[in-house]
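Visitor: I have not looked at this one before. Can you walk me through it?

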Amino acid sequence: MTLTLIPTHPAPATAPLPPPAATAVRVPVAPGADRVRAVARRAGLACVLEAGAPGTVTVVVAADAEQALRAGQETGPLLLVCDTVTRTGLLHALRSGAVVLRAADLTEETLTAAVRRAAHPHPSIPYPELSHLLVAGARPGEPLPTGPRSAELTVRQASVLRLMADGYANADIARLLGCSEHTVKNVIYEIMARLQVRNRSHAVAHAVRHGLV
């Protein structure tokens with residue numbers, strides 16, 4: 001399965017996405033870092049050498065997200081540019097607050113969008129990532145998310161969340177689960193109250209980040 005980990009609506013070539021205001025990038029030395037710096041400069045992003053400057057997003061270039069996160073040396077907004085992105089690596093990155101971009105997808109537009117997401121986090125998760133995490137299931141050898149908070153959701157609530165992430169409407173969820181649409185609405189209200197979230201997308205994002213599904 002080919003994944004697109006950054007929102008897939010880049011602006012036309014004649015009107016590239018503007019870089020985030022007052023945002024710079026720092027790209028530590030690593031194989032492939034020079035390429036990322038070159039793309040950043042073409043995109044109009046300032047490249048700095050020192051860590052900790054306000055508005056600076058650290059861009060770590062690594063073979064995979066898990067390798068980048070294991071180092072654990074970076075603080076502040078973090079963007080991972082990785083050769084390989086597994087389901088487990090993506091899940092770990094989301095839980096740590098990092099944004100992931102595949103090296104194969106690196107362009108001026110995708111880098112700008114990824115830097116914007118890292119600099120200004122949003123409680124929701126882009127749909128392609130949610131679909132990969134919740135619907136596709138784990139790949140062979142990759143563990144499913146588990147944790148002490150997994151008991152917060154019932155089996156039915158988790159099932160509804162998965163179908164919500166896949167874009168199903170309440171009527172479709174009711175048909176697939178063999179219950180009434182009224183029941184589905186009640187389950188969604190229960191989920192939102194239990195997780196203390198604002199809307200459907202926030203509920204799914206919260207569940208992913210906390211290993212509830």
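Visitor: Which residue stands opposite V81 in β4?

Guide: V61 stands opposite V81. This is a predicted model, where local features need pLDDT of at least 70 and side-chain atom pairs count only at pLDDT 80 or more, while totals for chains, interfaces and linings use all residues. Residues are numbered from 1 along each chain as its sequence is written, and side-chain values use heavy atoms, with hydrogens and water left out.

Visitor: How many bridges join β3 to β4?

Guide: Six, between β3 (residues 56-64) and β4, and the two strands run parallel. Strands pair if DSSP finds at least two bridges between them. Strands here are DSSP runs of E with at least two residues, helices are runs of H or I with at least four, and both are numbered from the N terminus.

Visitor: And which residue is opposite C82?

Guide: R102 in β5. Strand β5 covers residues 99-102 and pairs with β4 in the parallel sense over four bridges. Between β4 and β5 the chain passes through helix α3 (residues 87-96), in a right-handed β-α-β crossover. Right-handed means that, with the strands pointing away from the viewer, the path from the first strand over the helix to the second runs clockwise.

Visitor: Is β4 mostly covered or uncovered?

Guide: Mostly covered: five of the seven residues in β4 (residues 78-84) are buried. Buried means under 20% relative accessible area, with a 1.4 Å probe and protein chains only.

Visitor: Back to α3. Why does L91 count as buried?

Guide: L91, which lies in α3, counts as buried because its relative accessibility is 7%. The C-alpha atoms of L91 and H210 are 9.7 Å apart, although 119 residues separate the two along the chain.

Visitor: New topic. At what angle do α6 and α7 cross?

Guide: Roughly 130°, with the axes of α6 (residues 155-165) and α7 (residues 170-177) coming within 10 Å. Axes are lines fitted to C-alpha atoms, for helices over the stretch in contact, and angles run from 0 to 180 degrees between N-to-C directions. The two helices are therefore oblique to each other; under 35 degrees counts as roughly parallel, over 145 as roughly antiparallel, 65 to 115 as roughly perpendicular and the rest as oblique.

Visitor: Which residues make the contact?

Guide: From α6 they are R156, S159, V160, L163 and M164, and from α7 they are I173, L176 and L177. Contact means heavy atoms within 4.5 Å.

Visitor: What follows α6?

Guide: G167, with a positive phi near 90°.

Visitor: And how many helices and strands does the chain have?

Guide: Nine helices and five strands.

Definitions and conventions:
Buried < 20%, exposed > 50% of the residue type's maximum accessible area, 1.4 Å probe, protein only.
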